[in-house]
Amino acid sequence: MPTEEIRVRGTVQGVGFRPTVYRLAKACDLRGDVCNHGQGVLIRVSGSEKAITEFIARLQTECPPLARINQLTRIIYEGELTFDNFVISTSVSNAIKTEITPDAATCLQCQQEIFDPFSRFFRYPFTNCTHCGPRLSIIRAIPYDRCNTSMSAFAVCSECGKEYHDVENRRFHAQPVACHVCGPTAWLERTDGKSVTASMFSMLDDVDAVCTLLQKGEIVAIKGLGGIHLACDATQETVVEKLRQRKKRYHKPFALMARDIEIIEQYCIVNAKEKELLTSSAAPIVLLQASDKKQLASSVALGQSSLGFMLPYTPLHHLILRRMNRPIVLTSGNLADEPQCIDNDEAREKLGTIADYFLFHNREIINRVDDSVVKVISDKVQIIRRARGYAPTSISLPLGFHNVPQILAMGSELKNTFCLLREGEAILSQHLGDLENSAAFNAYQDTLNLYLNLFEHKPEIIAIDKHPEYLSSKLGKELAGANQIKVYPVQHHHAHIAACMAENGIPLDSPPILGIALDGLGYGDDGTFWGGEFLLADYRKFQRLATFKPVAMIGGEQAIYQPWRNTYAQLLTANLWDDCEEKYSDLEIFKFLKNKPLKLLNQLIEKGINSPSVSSVGRLFDAVAAAIGIYREECSYEGQAAIAMEAIVDVSSLNNDKETLIYPFSFSFSDSIYCIDPRQMWQALLNDLQQQIPQPVMAAKFHKGLANVIVEMVKHLSQENLINQVALTGGVFQNCILLKEVTKRLETLEIKVLTHSLVPANDGGLSLGQAVIAAAQLIHVDI
């Protein structure tokens, strides 16, 4: 009778994989055993060839929800199996490879139990099993056993213990298993310190009372899975605006949560792919197109055409929303720009002036994990923020990277993540925020130390961004010096392109591709700031073929938050300011700019005082938005004006192929590089302003014109270089319209287009690119 040894690698430990193997082996009438081993799971089976083939097929199709099979190998087993049945054996080695799965949304079985009056988990807000529940957020050390998580504070009762040890129960070896008798508890507090009783609301319990508070227009801070959120009724304008003022988050859109898909569909258009994302175990915030059916409070998403919705992803949230027939705001529990609170006492101190009530629990959050944000573009998922539900799932590296030494990549300054490279895979941290904030930088260091310990990672090289002032780069240099290992600086836009190549499986020794990296700015190899780059790149090197015409960023960082500065700088660079005085002096934008201290601004530019020259497409978007009257004076976050301009684009103009509905750009060759010049675009835009063309039409013409010149540049460069693949990357390509337009036009030219889906196109994916570039450099040196 055939006997095989089957080795399975991937996310197969701590996710109910062995019980699934056990169940399927019994169903296929096989004998043998299954156990964890150093690289995953080892299975030995004996039975008919047909039964083993069926077993393998079912194992792949009936894989547990949180498991992922990366590799399955089968060989003839030469030893002798003495088993009369199929069993789960103890591990064959103590050297178990660390596998930490992301926190996972409540599975359907657990959902049913919390609403079943006959279940012992009825209305228990911390119900979980091997198919769902906390993972990354509660772990403090390896191995992933209860004693190394925040659940160590709760002794397992006999009933939970029985299920934990029952191989046929879905709670078999579920480390956070708990119930009303033995697990964490939740309670309600008033922020003014006065006592709260459920009888005040005539509700079932404190969790149920939260729903009533939200319906009454109160703001409640809710301690969830990876952090504390601030919640309110999303349909009440007064309370939403109150939350904005108290939180000091004046414009950024709020995330929303709704009880079910049906409620979301009252406010948004939801396609099949978006439904799949909303109901997945990752349960991210999905950016959806707002519909005209029902309106939320106007302050929820100012200047946006989309809404960010998620479904309840813990039993706590399911119980709160059971009676809630409308959406709630569920935004990070923090003051603007600070990290999300995760500790009860910290929340009392920092959120006491924002929230009216707290819903706390006594399960400690070890690791802060924000909500992930995704959107669907042309039926393809694009991750905007990679955190809960996705991190720290590893990303398999392309061919050629499987024998590289361990590498640590420190990431960027904004939207930071770091990356660990090992054994042919990349492990990205969750989104850690902007390191300019001291609290965020401290959290970054804590999380980095945790990951290095959890994954037993000892880097042999550290990759950093070339920007000399990035805190992540400075820390990387310090760590390299302290551990006497090499530090490898990586150019910002090369890292963007390499990240896109890596997640698309481009092998290490592939020929160069054309990468188009459009963003706010990054430190260039020539000491200037880049942000609109066409690079002929592989993993080891790049050649800068083209860029956008550099323009002064007047006031440095101030130009990010005052878009008019970019408009003025663009008009000066295009030599159009005198024309404005002569031909366009009646325009609102000209009158606005004339009231600014132009003499001082000119001196800053001439003397190079805090006004670096940048080729930033992000700032070009800001300049155009301000010119046509969108967030001209001030923005509260980077890209706000550009996002608002995208939201108003006139669809009929966008879909009209008339040349008159495309703003023209030109490009020329100088100093060994092509340069895209927006001067003609500005002339046409000023004429449109004079003719009082509607904003949505001008926004459409700009998007189409920009897409058109990008594609024309690719056509030109492809005649001079062997180009058959183009990678689109950088934060500007989170603009759906631009991404769709460029992709559509390039594919018409039969050019393969690579975009992002596993890591963000913005700086959140930068660490992956840094890591693979450093790895390629090491391999190159070895050769």
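Residues are numbered from 1 along each chain as its sequence is written, and side-chain values use heavy atoms, with hydrogens and water left out. Because the model is predicted, local features need pLDDT of at least 70 and side-chain atom pairs count only at pLDDT 80 or more, while totals for chains, interfaces and linings use all residues.

**Nonpolar cores**

A nonpolar core is here a set of buried Ala, Val, Leu, Ile, Met, Phe, Trp, Tyr and Cys residues joined through side-chain atoms within 4.5 Å. Buried means under 20% relative accessible area, exposed over 50%, and partly exposed in between, using a 1.4 Å probe and protein chains only. The largest such core has 80 residues, and those with the most contacts inside it are Phe534, Trp682, Phe702, Leu706 and Leu738. Helix 23 (residues 695-720) supplies the largest share of this core, 12 residues. Helices (H or I, at least four residues) and strands (E, at least two) are DSSP runs, numbered from the N terminus. A second, separate core has 43 residues, including Ile219, Tyr267, Leu278 and Ala282.

Contact means heavy atoms within 4.5 Å. Not counting residues up to four places away in sequence, Leu706 touches Phe548, Val617, Phe621, Phe665 and Leu738.

Six strands form an open sheet in the order 17-20-19-18-21-22, with mixed pairing. Two strands pair if DSSP finds at least two bridges between them. Strand 17 (395-396) and strand 22 (486-490) are at the edges with a single partner strand each, so one side of each has no neighbour in the sheet. Helix 12 (residues 471-483) packs on the sheet and touches strand 18 (407-409), strand 21 (461-465) and strand 22. The direction of helix 12 makes about 160 degrees with that of strand 21. For such angles, axes are lines fitted to C-alpha atoms, for helices over the stretch in contact, and values run from 0 to 180 degrees between N-to-C directions.

| Strand pair | Sense | Bridges | Residues opposite each other |
|---|---|---|---|
| Strand 17 and strand 20 | antiparallel | two | Ile395 and Ala426 |
| Strand 21 and strand 22 | parallel | five | Ile464 and Pro489 |

Five of the five residues of strand 21 are buried, so this strand is largely enclosed by the rest of the structure. Ile461, Ala463 and Asp465 point one way from strand 21, and Ile462 and Ile464 point the other way.

His402 is in the loop between strand 17 and strand 18. With 41% relative accessibility, His402 counts as partly exposed. Apart from neighbours within four places in sequence, His402 is in contact with Leu397, Glu423 and Gly424. The C-alpha atoms of His402 and Pro102 are separated by 23 Å, the two residues being 300 residues apart along the chain.

**Helix pairs**

The axes of helix 15 (residues 564-573) and helix 18 (residues 598-607) come within 12 Å and cross at roughly 70 degrees. These two helices, helix 15 and helix 18, are therefore roughly perpendicular; angles under 35 degrees count as roughly parallel, over 145 as roughly antiparallel, 65 to 115 as roughly perpendicular and the rest as oblique. Trp564, Arg565, Tyr568 and Leu572 of helix 15 make the contact with Leu598, Leu601, Asn602 and Ile605 of helix 18.

For helix 22 (residues 679-690) and helix 23, the axes come within 11 Å and cross at roughly 170 degrees. Helix 22 and helix 23 are therefore roughly antiparallel. Here Met681, Leu685, Asp688 and Leu689 of helix 22 meet Met698, Lys701 and Phe702 of helix 23. The loop between these two helices holds Gln692, which has a positive phi of about 55 degrees although it is not a glycine. Gln692 is exposed, with a relative accessible area of 70%.

**Other single residues**

Asp671, in the loop between strand 28 (666-670) and strand 29 (673-677), also has a positive phi, near 55 degrees. At 73% relative accessibility, Asp671 counts as exposed. Ser653 lies in helix 21 (residues 651-654) and, at 7% relative accessibility, counts as buried. Leaving aside neighbours within four places in sequence, Ser653 is in contact with Leu661, Val697, Ala700 and Lys704. The peptide bond from Ala391 to Pro392 is cis, with omega near 5 degrees, and Pro392 is in the loop between strand 16 (380-385) and strand 17.
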